[in-house]
Amino acid sequence: MAVIEVQNLKKTYGKIEAVKAVSFEVKEGEIFGVLGPNGAGKTTILEMLEGLRRPDSGQINIFGQNLAKNLLSLRNRCGIVLQHSGYFEYLTIREALGLFASFYEHTVAIADLAEKFQLEPFLHRTYRELSGGQRQRFVLAAALLHQPDLLILDEPTIGLDPGVRQRLWDTLMDLRRDGLTMLLTTHYMEEAQILADRVAILDDGRIVACDRPVRLVNSLGVVSRLQFMISKPVNVTELENLPGVIMARRDRYTYDLETNTPEITLRELLDWEKHYSGKIFNLQVKQATLEDVFLKLTGHSLKERRRT
Amino acid sequence: MTALTTVFLKIFFRNRRAMFFVIFLPAALFLILALLRFEQVFRLNVGQNYTDFLLPGIVAFAVMQMGIYTVAYSLIDFHKQMVLKRLAVTPLTSGQFLLSQSLARFIIALIQTSLLLLLALTIFQTGFSWQIVFTPLIILVCTIIFLNFGSIIASIARDYEEAAPYTAVVGLSMSFLGDVFFPLANLPQWLQNFATALPMKPFVGLLRYSFFGMGKGQLLPNLLILLCWLVASTLGAKIIFAKKAYR
């Protein structure tokens with residue numbers, strides 16, 4: 001059963017088409033990731049799903065109900081983690097959770113919630129006094145206190161250090177095991193690859209691919225890449241002629257060789273280096289990732305915005 | 001909604017600066033101006049002293065200040081800190097948010113007014129008429145009107161700099177054309193007519209009736225003007241706040 005059905009969603013700001021006829025479905029119990037660079041339209045799509053923005057056209061159904069017509073009742077069934085959100089100054093975490101609980105018909109006890117998200121030692125503190133990881137746990141607890149059937153997260157790990165990010169991933173995996181359906185946006189390739197059951201790759205307001213991460217990567221037909229730097233610049237066509245190299249690329253100081261036979265290409269590259277006047281350093285052998293899928297489909301990396 | 005009203009009250013009473021400006025500053029202003037005794041400067045009604053003239057004006061001034069300045073700036077803060085956006089994705093509607101704000105501000109206005117009346121009673125031995133029982137109702141209506149003004153300003157302006165000219169225009173026109181610090185009888189007739197159409201002068205007029213039983217003849221027109229402002233400002237605030245700020 002589809003928890004979210006989005007059909008032909010469009011949103012324009014003045015002359016800018018932020019979302020161009022986007023359609024997708026989120027199935028019950030899955031984590032659905034929307035992966036794309038900054039400015040791709042991820043937050044706009046989510047804000048339309050959250051009822052914060054009205055689409056220019058298209059339809060959104062959540063749990064089979066039209067969102068526009070059933071906004072308030074659907075808010076009782078959805079938990080939302082915004083990319084940036086604030087909580088009242090001068091309020092403690094316990095008071096803030098109590099306030100949010102008052103908006104819903106059925107909620108879990110704050111003590112149980114605090115225990116689950118390890119917030120007990122901080123209940124008397126204000127939001128400002130929490131560290132990044134504590135804040136994220138509180139934000140998640142506030143989004144889950146009414147036991148929603150769907151959790152929508154907009155870039156939940158943005159700005160968090162790697163340790164905190166991984167702990168949040170563990171929490172989200174636990175929630176999925178409990179049967180919670182989740183939709184999350186991210187511009188971190190590894191986040192989508194680790195967490196999402198299915199990923200929609202979004203670029204310039206369009207979904208360019210949508211499938212399981214492993215299938216998307218396998219669709220490339222390229223399994224490995226050699227990445228390195230060279231002390232003395234070299235013409236990429238020279239590297240492309242090495243045995244096993246499918247394509248060679250240079251991005252500023254980093255060289256990138258795509259290959260299906262990494263062991264042969266690596267040996268040939270090191271042989272080539274012996275006769276070259278420059279030295280190879282920072283050499284890495286990498287498996288193909290969603291980043292490569294994105295690059296192949298859009299012609300630019302996840303870190304850069306499309307030039308318009 | 002009760003929980004949100006309680007939260008607004010907690011936030012207010014934990015914010016010492018807000019307490020100073022909303023509760024203590026109007027009281028200090030009242031004491032200073034009342035002690036200056038401007039009876040000789042302004043032409044007042046026969047038998048009326050300046051303290052009696054000033055008291056309803058200062059009560060109305062304090063309610064207006066809180067509604068326009070404090071509410072506008074705190075809503076701008078809530079908007080910038082993304083508090084409104086977080087609330088907007090819960091089942092709480094923009095109307096419920098504004099109503100909770102109104103209830104909290106009404107309670108604060110009652111505290112503010114009680115302090116001013118207590119000062120008048122104890123220091124200046126002011127005597128009040130029985131109509132003072134209507135004061136909470138008048139305060140409630142006018143708190144909502146001025147809070148609506150503050151909400152509209154906060155929804156249109158994106159930051160303090162943008163809000164400042166709006167609050168200044170509204171606040172100053174209410175203060176100087178509101179029969180607050182001096183009688184408007186000295187002003188040209190057209191300006192007096194204009195002042196009557198603003199909510200401040202009818203508000204002060206109703207308070208004068210409530211405190212001292214004065215101006216019974218103006219009771220109905222004043223009530224009608226305030227009711228018009230109540231309906232218009234509530235509709236305006238509900239629409240503009242929901243569209244521009246509560247999202």
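A salt bridge here is a side-chain nitrogen of Lys or Arg within 4 Å of a carboxyl oxygen of Asp or Glu. This is a predicted model, in which local features need pLDDT of at least 70 and side-chain atom pairs count only at pLDDT 80 or more, while totals for chains, interfaces and linings use all residues. Residues are numbered from 1 along each chain as its sequence is written, chains are lettered from A in the order in which they are written, and side-chain values use heavy atoms, leaving out hydrogens and water.

**Exercise 1.** Count the salt bridges between chain B and chain A, and look at one of them.

*Solution.* Step one: the count is 3. Step two: one pair to inspect is Arg14(B) with Glu95(A), whose side chains meet at 2.7 Å, N to O.

**Exercise 2.** Describe how much surface chain B and chain A bury between them.

*Solution.* Start with contacts (heavy atoms within 4.5 Å): 22 residues of chain B touch 26 residues of chain A. Next comes buried area, the accessible area (1.4 Å probe) that two parts lose on being put together, summed over both. The two chains bury about 2,400 Å², with 66% of it on carbon and sulfur atoms. On the chain B side, Arg86(B), Val89(B) and Pro91(B) lose the most area to chain A, together 30% of what that side buries.
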